[in-house]
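Please examine the structure shown here before reading on.

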Amino acid sequence: MRISFVTSLSTLATALAFTPISAHAEEDAATASDAPRSDILVIAQKQAATIENAPSTKAAVTADLIAEKINAVSVEDTLKYLPSLVVRKRHIGDNFAPIATRTSGLGASARSLIFADGAILSALIANNNGNGSPRWTLVTPEEIARIDVLYGPFSAAYAGNSIGTVVNITTRLPDKLEAHASVLTNIQQSNLYGTHQTLPTWQFAGSVGDRFGPLAVFLSGTRTVANSQPVSIVTATAAPTGTTGAYDDRNRSGNAIKVLGAGGIEHHEQNTWKAKAALDLGGNTRLSYVLGIWTDKTRGTVDSYLRDGTGATTYATANTGVTTGFNSGVYTRDALHFSHAVTAQGGSKAIDWQVVGTLYNYAHDLQNGPSTATNGPTVNKLPSAFAGGAGTIQRQDGTGWVTLDAKAALHLGAHEVSFGGHGDRYKLAAQTFLASNWLDTTTQGALSTASRGKTRTLAVWAQDAIRITPQWTLTLGARQEWWRAWDGYNLNASGKSLPQAERKASGFSPKASLEWKPAQHWTARLSFGQAWRFPTVGELYQATTVGTLFANPNPNLRPERARSGELAIEQQDAHGTLRVSLFNEVIDGALISQTNINTPEITSSYVQNVDRTRARGVELAIDRRDVLPGFDVAGSVTYADAITSRNSAFPASVGRLLPSVPHWKANAVLTWRPSEKLSLTSAARYASRNYATLDNSDTVGNTYQGFYKYFVIDMRAVFHVNDHFDFALGVDNLNNDKYYLFHPFPQRSFTAQVNWKL
């Protein structure tokens, strides 16, 4: 019976070879030593020993695989072929790219934890696909050694934000003198309504590192200049009187609309600077420091389709009031962020330990916008608002976070005991000022609105992996957390001051996992875990405006409690893996963001506690290396039934799919190496129809603010000239699928890259 089951799954693996995903297994030490190279790993057994010793299904991607198989302009691209994960990257240079997981959608950024060398990149100041998105730009693809992904809240070492996933990015440090440089260009051809664009991107990256006895030093810099397709679409129920050029369409609710133009057409200039140093102090003790500096200058503009009686471009007429949609699509952003991480770690045969402290600071972070787009383009074809005029300046200067983690693992024969403590503090400081000239910060005037507050979480945790027999391992763990929110304050546009009351809560999270190895190359693991996810300071206090989207806070939100379970069965050998996972998740008091279309031009969002949600499903991940000489194939398919199971405040949502969690997701990759110097990769990504609203009332998916199905084909070719040079050519969305995930997503784009190393 077992042989028949394995044969059937192997047949399915071969069938997926036409559009497969690379998902290579991490094997035991003997098998791994025979493997000729590293690739994506999809595993359900214990990795190389770590302090966390997480009893979770795992996946990983390595530097070699990124270079060979993925058109990776930025770090979030490196995750796009991993099982069940979707990163909402709207375009190159996008600062707002959260992860969607098996059971959570794109508006639940606080249900994932992203780390780089122990420093948290998750922006837990919010839980959205805007300013709550991870700070991916503090890591560049060239410095990655590997990325490890954990699924589910089954490790006591991680906070309740691990409900969806934990991503651990490990970057390189040199053992000798090394230098790297790369030049990348990407060109997207975008056609949407009346907007027709050729969108070039340039990226320059370089690094140098060396080791001086016990001291290793690494310096790197990346500059990206990018242009985006429209992020927003300007619509109205009717075109302004006396104008022509509007397009007929439907909104996500199926109502007839007029498309007046496109907005949020962004030009980015971003820089990332990194400095890393590690000092070996002897006795397996190391002290390291990482400095990250990120800068961004962004300009968002609009493209009006409207023409007046003379044929001139217009943005509105006095009797329509539709100018607001264009105003919201015109803005500038200017940011300077600093990240610091200090790590001390050491170990011996009996104990391993680590202390990590991080600080992330918004030195300055501004978004400026005009009061009116006005009625005519300037000479450079931008709206005349770019000549100046009244507007607003939104500041988040001083926002940031501080974290401290201390942990250790004791190796006690049949017991692997790990334990630790955690503390963090998140600070929100967001203010909007009136300005006589929105392009000149020195004209900043009276305070218009304000959102301020702080949260703090303290935690202790312990976990014991007990090897009962060589075939059976039982892992038991628990985490206790204490949460506090204070100094909450809001000032609204009418001048009303709203001090918010202090809030406190706590949560206890037990964990249990039982692993069985019935035969060589076979593993089965049954895991359960509870997790508390506390409201972020942004959910509680922050009113934000990003383009045409307005977010409203709720200071009375309760924590959400998740109870998750998974049964994972995996077979692995020297040629790859096969894994099946059955998962189930129930969340009480789920914190879910919803959007309302206040007018055709303005959308607002708010967060609410939903009584209960339930998500269950199955994930199949397969991977075979050298199925034919020089061919690697792999694939993953996930089915999830994620619904609202109880909601007294909104009964119409019961039984409906959760926002942006589709029934089906699939990834696939096929790589062929016709020679040692050349590799050719084809890949595909698929997701079925999903929804924006709790009651799934958004019946039209392929329109602005809708969520539609997509099927995207990518390709990549890499040619290794010699030990110092290689060239890469790639195309994303080869089939030019035009789809929306609230925003219009990139159309066909081509990438070319030249890499040099010393």
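## Residue D632

In this predicted model, a polar atom of the D632 side chain lies 3.0 Å from the backbone nitrogen of D626. D632 itself belongs to strand 31, which covers residues 631-646.

Is D632 buried or exposed? The relative accessible area of D632 is 2%. Residues under 20% are classed as buried, so D632 is a buried residue.

## Residue S527

A second residue, S527, is found in strand 25, which spans residues 522-533. The relative accessible area of S527 is 1%, and therefore S527 is also classed as buried.

Which residues does S527 touch, leaving aside those up to four places away in sequence? They are P55, F154, A512, S513, S564, G565 and E566. With one of these, S513, there is a polar contact between side chains, at 3.0 Å.

## The protein as a whole

Of its 758 residues, 58% are buried.

Among contacts between residues at least 6 apart in sequence, 68% join residues that are at least 24 apart.

Note on methods
Residues numbered from 1 in each chain as written. Predicted model: local features only at pLDDT ≥ 70, side-chain atom pairs only at ≥ 80, totals over all residues. Heavy atoms only, no water. Buried < 20%, exposed > 50% of the residue type's maximum accessible area, 1.4 Å probe, protein only. Contact = heavy atoms within 4.5 Å. Helix = DSSP H or I, 4+ residues; strand = E, 2+ residues; numbered from the N terminus. Polar contact = N/O pair within 3.5 Å; in protein donor to acceptor, adjacent residues only side chain to side chain.
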